[in-house]
Amino acid sequence: MLKPFSPAEVQEFFARLKKLDPEPKTELQYVNSYTLLVAVVLSAQATDKGVNKATAPLFKTVKTPEQMLALGEEKLTDAIKTIGLYRGKAKNVMALSKILAEQHGGKVPKDREALQALPGVGRKTANVVLNVAFGEPTIAVDTHIFRVSNRTNLAPGKDVVEVEEKLEKVVPDAYKLHAHHWLILHGRYTCVARKPLCPTCVVRDLCRFKEKTKELPAEKPKLKTPSRTKTLKH
Ligand code: SF4
């Protein structure tokens, strides 16, 4: 059995990730909490880059549920047709926009239950919206966070809910708000799925992974993150 992290090691783990990127942001582009919600719904099983490509022109004119309803499902479907599962996602976005317009005054609710009641919004999407739009210290476990948490033995678990619960317990309060983004970025650019970049990893000595790589791959994955829209108006 792998040795669990001590509280001091967890503290050190996040202190180092923080040093790399003190104010991490989502790589999804959005202009307000509604467009963030739409972008997160569209990002299921798709890359942030692919979603941003489709939403950049869309969010120039559509920034509210009412504007989405005025656009209509057919035009939305066409606008997002480069994203996987776009037909179902377009239906969900129209349905959730209708509920927001009719039941929430056109606003995104700051409430997990109300968010998860929206079509296409599961626990992970609700966690991302609560964290990014409303500054709540939630941790949405995606494929990257699941991998990093298990590989390092920081918060091992057999499914995303178990990993989320363990992270909730072990991450110090001071790091909770940004833990989600630090772990995603670490998994996306360093602790990558196939061949992690262990020789350049800042938490290498803390990580419990038994098969750390000894050399970097000939062609390194892209380390630069794309530009991000930083303004958020509720
Ligand atoms: S040492 Fe390797 S396996 Fe461990 S966190 Fe870093 S990149 Fe991932």
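Helix 1 (residues 7-20) has 14 residues and should span 20 Å at 1.5 Å a residue; its end C-alpha atoms are 21 Å apart, which agrees. The expected span is 1.5 Å times one less than the number of residues. Helices are DSSP runs (H or I, at least four residues), numbered from the N terminus. The model is predicted: local features need pLDDT of at least 70, side-chain atom pairs count only at pLDDT 80 or more, and totals for chains, interfaces and linings use all residues. Residues are numbered from 1 along each chain as its sequence is written, and side-chain values use heavy atoms, without hydrogens and water.

Helix 1 buries E9, V10, F13, F14 and L17. These residues cover an arc of only 130° around the axis, which puts them on the same side of helix 1. The arc is that of the directions from the helix axis to the C-beta atoms. P7, A8 and K19 are exposed on the other side. Buried means under 20% relative accessible area, exposed over 50%, and partly exposed in between (1.4 Å probe, protein chains only).

T61 belongs to helix 3 (residues 48-61). T61 is exposed, with a relative accessible area of 56%.

Terms used: Helix = DSSP H or I, 4+ residues; strand = E, 2+ residues; numbered from the N terminus.
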